[in-house]
Amino acid sequence: MIYDLIVIGAGPAGLTASIYASRHKLKHVVFESGMCGGQLSMATHVENWPGEKQVMGAELAKRMEEQARALGMEVRCQPVSDIVKDEENNCFCCLAGNDRVQAKSVIIAMGASHRKLGVIGEDAFVGKGISYCATCDAPFFNGKVVAVIGGGDSALTTAVYLAAYAKKVFVIHRRKEFRAEESNQEKARRTPNVEFVLDSVVKEVKGDKRVKSAIVENVETKAVSELPLDGIFVYIGNTPASAIGKRVGVETDARAYVKVDAAMRTSVPGIFAAGDVTGSVPQAIVASGQGAIAAMSAYKFVKGFKDGIAVVNR
Ligand SMILES: Cc1cc2nc3c(=O)[nH]c(=O)nc-3n(C[C@H](O)[C@H](O)[C@H](O)COP(=O)(O)OP(=O)(O)OC[C@H]3O[C@@H](n4cnc5c(N)ncnc54)[C@H](O)[C@@H]3O)c2cc1C
């Protein structure tokens with residue numbers, strides 16, 4: 001059997017793509033290597049999903065999955081290891097274990113993972129003071145003392161953003177110079193409650209129920225100090241799960257994010273991408289929006305409509 005569509009990844013992008021695929025009567029299957037819901041399941045409190053003042057990430061993810069299943073989503077709990085072109089049948093073939101599953105179109109919705117500090121205490125305090133997303137968590141640190149780890153543009157713009165909530169924001173960076181653009185450095189420098197801690201790395205995160213402090217080492221002097229903190233925002237980069245797409249010819253940008261157009265089309269006709277893997281704003285609502293567009297574009301592709309915008313005319 002040849003499916004109309006294979007969706008790889010069942011985070012907000014993949015689950016929303018499935019909802020839209022079902023409503024467009026596309027025969028599809030969703031592959032998920034871990035848990036349906038993706039990163040959203042790890043969010044403690046989500047306060048930026050329209051219609052919900054506050055909802056647990058796991059609860060929102062569960063509702064998305066239930067809705068997709070109720071509409072007919074078929075899920076295979078297997079990682080896809082490769083996508084290959086099946087020229088003979090004019091379709092794609094996704095390899096998962098010993099299975100080869102064919103489809104006319106594919107949506108890559110495999111997300112991205114945050115680079116971690118890799119220090120003692122980091123995993124234990126995720127959602128309890130350690131965050132990888134200021135847009136998600138800044139309001140929980142009103143009047144508190146936080147640190148941003150990193151020296152790129154996202155670290156410094158995040159520090160300025162957090163300074164509107166937190167009473168003090170330390171930027172801990174392992175070098176003297178920042179990689180961030182000069183204008184972003186200047187904005188951070190001019191923000192009164194932002195303080196740079198340079199040539200320094202976090203060696204350990206300490207706390208009890210929540211983060212209480214970080215052990216910081218100066219890489220030049222080797223001096224070690226304990227910095228009292230309520231929160232730590234880790235901004236040292238992301239790794240998009242784009243390798244499978246790349247191998248089948250999908251173009252990526254310099255940071256390995258999948259390149260898409262406004263209709264979520266990749267450089268390979270019939271392969272679409274949505275969510276964090278595209279390097280868009282890493283938010284559930286954005287991933288879901290892109291998932292919806294990708295599914296509608298896949299519908300147009302499968303039905304042989306002319307290329308164009310993804311919206312199906314009524
Ligand atoms: C702790 C935390 C808190 C957050 N809080 C918020 C918040 O408050 N508000 C908000 O809007 N956003 C929040 N986010 C961000 C949001 O969760 C992400 O932007 C969103 O989940 C991205 O959705 P996605 O579908 O693109 O990717 P993901 O959620 O990463 O889902 C990708 C899925 O693909 C699967 N996968 C990967 N590779 C394969 C493969 N080879 N085969 C099969 N499956 C595969 C993964 O297992 C995963 O389930 C938070 C994220 C984290 C980590």
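Some housekeeping before that. This is a predicted model, so local features need pLDDT of at least 70, side-chain atom pairs count only at pLDDT 80 or more, and totals for chains, interfaces and linings use all residues. Residues are numbered from 1 along each chain as its sequence is written, and side-chain values use heavy atoms, with hydrogens and water left out.

Okay, the ligand. There are 33 residues around it, and the closest are E32, Q39, N48, D276 and A284; a residue gets on that list if one of its heavy atoms lies within 4 Å of the ligand. D276 comes in through its backbone, with an N or O atom 2.8 Å from a ligand oxygen. On its own the ligand exposes 1,000 Å², and the protein buries 91% of that (areas by the Shrake-Rupley method with a 1.4 Å probe; for residues, only the protein chains shown count as cover). The elements giving two or more residues to the shell are α1 (12–23), β3 (45–46) and α7. Helices here are DSSP runs of H or I with at least four residues, strands are E runs of at least two, and both are numbered from the N terminus.

What kinds of residues make up that shell? We get 19 nonpolar, twelve polar and two charged. Nonpolar means Ala, Val, Leu, Ile, Met, Phe, Trp, Tyr, Cys and Pro; charged means Asp, Glu, Lys and Arg; the others, Gly among them, are polar.

Now stay on α7, residues 284–302, and find S288. Is S288 buried or exposed? Buried, at 7% relative accessible area, where buried is under 20%, exposed is over 50% and partly exposed is in between, using a 1.4 Å probe and protein chains only. Its side chain makes a polar contact with the side chain of T16 at 2.9 Å. By polar contact I mean N or O atoms within 3.5 Å; within protein, one must be able to donate a hydrogen and the other to accept it, and residues adjacent in sequence count only if both atoms are side-chain atoms. Leaving out residues up to four places away in sequence, S288 touches P12, A13, T16, W49 and M64, with contact meaning heavy atoms within 4.5 Å.

Last topic, salt bridges: the structure holds 17. The rule is a side-chain nitrogen of Lys or Arg within 4 Å of a carboxyl oxygen of Asp or Glu. One I like is D199 with K176, at 2.8 Å from N to O. That pair links distant parts of the chain, 23 residues apart: D199 is in the loop between β13 (194–197) and β14 (200–207), and K176 in the loop between β12 (168–172) and α5 (182–190). D199 is buried at 10%, while K176 is partly exposed at 49%.

R189 and E186 pair up too, with the closest N and O atoms 3.3 Å apart. They sit three residues apart in helix α5, so about one helical turn separates them. Then there's E74 with R76 at 3.9 Å. And finally, E52, E59, K62 and R63 are linked in a salt-bridge network.
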